[in-house]
Amino acid sequence: MKAIMPVSFSIVCLFTCCKSSESSHDNSKQGNSQISWTVLASGTQCNQDVPMQKIIKTQEEYKSLWLKSHQSTDMDSVGPAVDFDKKWVAAIYLGMVNSGGHSAEIKSIETIDDNTVVSVLHKKPGAGCMSASVIEFPFLLVTIDRLSNDKVSFQLADEEVPCK
């Protein structure tokens, strides 16, 4: 019986503690024009030291941004493939941060009237949390279906992540 308890606890912990690594998001809600996205690339090291959010609509724009932002990093020099006949890229760069534990996360992408709004969370360590003293440059690139309108705005909000 004593041997069964640790095994049972381990199995329960395994199923409750694991986080899904699925990178595609479908936010369809009845009555809202929610847009789904797929994570293309994310990380904490790039060459974009100032915050920037941008919709990329062409292969040329994408190639230029990728080379500028990821040159001499451990990322592939050409970036992940995107079919710009069907997709656009939403690029979110948080700029330089002076500690570890920062990341960008999309909360939602929705069309309201004639404007598409990309809601982004800048996740950062909570007050009093221990984090590495490093310089990082968090970024997130996602693909979305091509939009019928060109009016896209980004809304950024900070979210403190509680200490673990």
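How many helices and strands does the protein have?

1. Overall make-up. This is a predicted model. The protein contains two helices and nine strands. Starting at the N terminus, the order of elements is α-β-β-β-β-α-β-β-β-β-β. The protein has 164 residues, and 34% of them count as buried. Take the contacts between residues at least 6 apart in sequence: 76% of these join residues at least 24 apart.

2. Helix α2, its length. Helix α2 covers residues 59–70, twelve residues in total. From first C-alpha to last, α2 reaches 16 Å. That is close to the 16 Å expected at 1.5 Å a residue.

3. Which residues of α2 are buried? They are Tyr62, Leu65, Trp66, Ser69 and His70. These residues sit on the same side of α2 because they cover an arc of only 100° around the axis. An α-helix has 3.6 residues a turn, so residues three or four places apart point the same way. The face turned away from the buried side of α2 carries Glu60, Lys63 and Lys68, which are exposed. Cover for the buried residues of α2 comes from several strands, including β3 (37–43), β4 (52–56), β5 (87–93) and β8 (139–145).

4. Most residues other than glycine have a negative phi, and most peptide bonds are trans. Asp113 is found in the loop between β6 (103–112) and β7. Is Asp113 buried or exposed? Asp113 counts as exposed because its relative accessibility is 78%, and the cut-off for exposed is over 50%.

5. Asp114. Asp114 also lies in the loop between β6 and β7. Its relative accessible area is 46%, so Asp114 is partly exposed. Asp114 touches Asn149 and Lys151, leaving out residues up to four places away in sequence. Asp114 and Asn149 are 35 residues apart along the chain, but 6.9 Å separates their C-alpha atoms.

6. His122. His122 belongs to strand β7. With a relative accessibility of 12%, His122 counts as buried; the cut-off for buried is under 20%. Which residues does His122 contact, setting aside neighbours within four places in sequence? The partners are Leu94, Val97, His102, Ser103, Ala157, Asp158 and Glu159.

7. Ala132. Ala132 is placed in the loop between β7 (115–125) and β8. Its relative accessibility is 43%, so Ala132 counts as partly exposed. Not counting residues up to four places away in sequence, Ala132 touches Ser99 and Gly100. Ala132 and Ser99 stand 33 residues apart in sequence, while their C-alpha atoms are 5.6 Å apart in space.

8. The second largest pocket. Rolling a probe the size of a water molecule over the atoms shows where empty space is left. The second largest pocket holds about 250 Å³ of space. Its lining is made of 14 residues, of which Gly101, Pro125, Val161, Pro162 and Lys164 are the closest to the centre. By type, the lining divides into six nonpolar, four polar and four charged residues.

Definitions and conventions:
Residues are numbered from 1 along each chain as its sequence is written. This is a predicted model: local features need pLDDT of at least 70, side-chain atom pairs count only at pLDDT 80 or more; totals for chains, interfaces and linings use all residues. Side-chain values use heavy atoms; hydrogens and water are left out. Helices (H or I, at least four residues) and strands (E, at least two) are DSSP runs, numbered from the N terminus. The expected span of a helix is 1.5 Å times one less than its number of residues. Buried means under 20% relative accessible area, exposed over 50%, partly exposed in between (1.4 Å probe, protein chains only). The arc is that of the directions from the helix axis to the C-beta atoms. Contact means heavy atoms within 4.5 Å. On a 1 Å grid over the protein atoms alone, a cavity is a set of points where a 1.4 Å probe fits but cannot get out, and a pocket is an open set with protein on both sides within 12 Å along at least five of seven lines; lining residues have an atom within 4 Å of a point. Grid points are joined across faces, edges and corners, and a volume is the space filled by probe spheres set on the points. Ala, Val, Leu, Ile, Met, Phe, Trp, Tyr, Cys and Pro count as nonpolar, Asp, Glu, Lys and Arg as charged, and the others, Gly among them, as polar.
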